[in-house]
Amino acid sequence: MHKILTLALMTNFIGSFAQATDNGSFYDDILISGELKEQIAQEQQQKAYHDQIRQVQDQAVDLLESNAPQIKIDIPDLPTRPQNSPTLQKRAEAKDLSAAPFGLNWGASILDTQDLGVSLTSIEEKDYVNSFSAQNLPKPLKGFRSIDLTFGIENELWRIIAYGDFLDDTKDASVVLRQYRRFYKLLERKYGNAQQFFTPQPISENPDNNNPNQNAPKIDTSIGNPDFLAQLQSGEAELYATFEGNDVGAALSVNVDGSGRSYIIIDYKNLKILREREEQALDAL
């Protein structure tokens, strides 16, 4: 009886082992933790998902390769723009001077300028059409906080104005005057024909009407006097210089804002383009 019971138990064990092995769960229950089981289940789920995607893709390929009627969509070609505008190309063929400050090109259109990698932000400026603030210039220059470009109605770059950084200056404006003199020499070397214009603070000869014989107090009206910054700020004094050469004119000026910060401005104009526009207007009249 004992042998029969033992044999029955062994038979049941072997049957259970075979069933567990067939189901792939016997060693899973013994050797695989719950966390690992969950990871395996996720991987199997992902595999089934990707297998389903591949099946759909294969069906799509079979459909495209079949003799089923195909739908043809005609997409018109977008119009291409020449690398240079006609005006700029005409100037290049005539070998006109096209190099402009900061790596730009005189006569270039807005799109031509953007092709150089320049970022343009439209700005409103009185008496100037198609004006933009420019960033990412091909040849940037330290010491300038803003560069503005004007293309005009004809869409040709003809004006560049550079605003210097704001400076914490002394009462005699020595900081901005140092910068002014530096760029004065550089612009004179490049363009020539330098002319300086200075309007000093006006002097009242008779400040005391009750005593006309009394002389007015002496006021220093020289460039860089102890009160020069305040005189520039109030507009009582004015200092600027002009340069002209190679059909380009430049004006360099000293300025002071309402907070007493000084700065320089360089205003470039392509005089050749301006003369051509005047001739075209004259011819049309």
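**Notebook: aromatic rings and their neighbours**

I began with arginine 145, which lies over the face of phenylalanine 166 at 3.8 Å from the ring centre. I note that the model is predicted. I then looked up tyrosine 263 and found arginine 145 over the face of that ring also, at 4.9 Å from its centre.

I turned next to ring pairs. A pair of aromatic rings is described by the distance of the centres and the angle of the planes. I recorded 11 aromatic pairs in the structure. One of them joins phenylalanine 102 and tyrosine 268 in an edge-to-face arrangement, with 6.4 Å centre to centre and 90° between the planes. I located phenylalanine 102 in the loop between α4 (86–93) and α5 (110–115) and tyrosine 268 in strand β8 (residues 262–270), so this pair ties together parts that are 166 residues apart in sequence.

I then examined phenylalanine 144 and phenylalanine 183, an edge-to-face pair with 5.4 Å centre to centre and 75° between the planes. I placed phenylalanine 144 in strand β3 (residues 144–150) and phenylalanine 183 in helix α6 (residues 174–191); the pair links distant parts of the chain, 39 residues apart.

Lastly, I asked which residues form one aromatic cluster. I listed Phe102, Phe144, Phe183, Tyr191 and Tyr268 as its members.

Notes
Residues numbered from 1 in each chain as written. Predicted model: local features only at pLDDT ≥ 70, side-chain atom pairs only at ≥ 80, totals over all residues. Heavy atoms only, no water. Phe/Tyr/Trp six-rings, centres within 6.5 Å; stacked < 30°, edge-to-face > 60°. Helix = DSSP H or I, 4+ residues; strand = E, 2+ residues; numbered from the N terminus. Lys NZ or Arg CZ within 6 Å of the ring centre and 35° of its normal.
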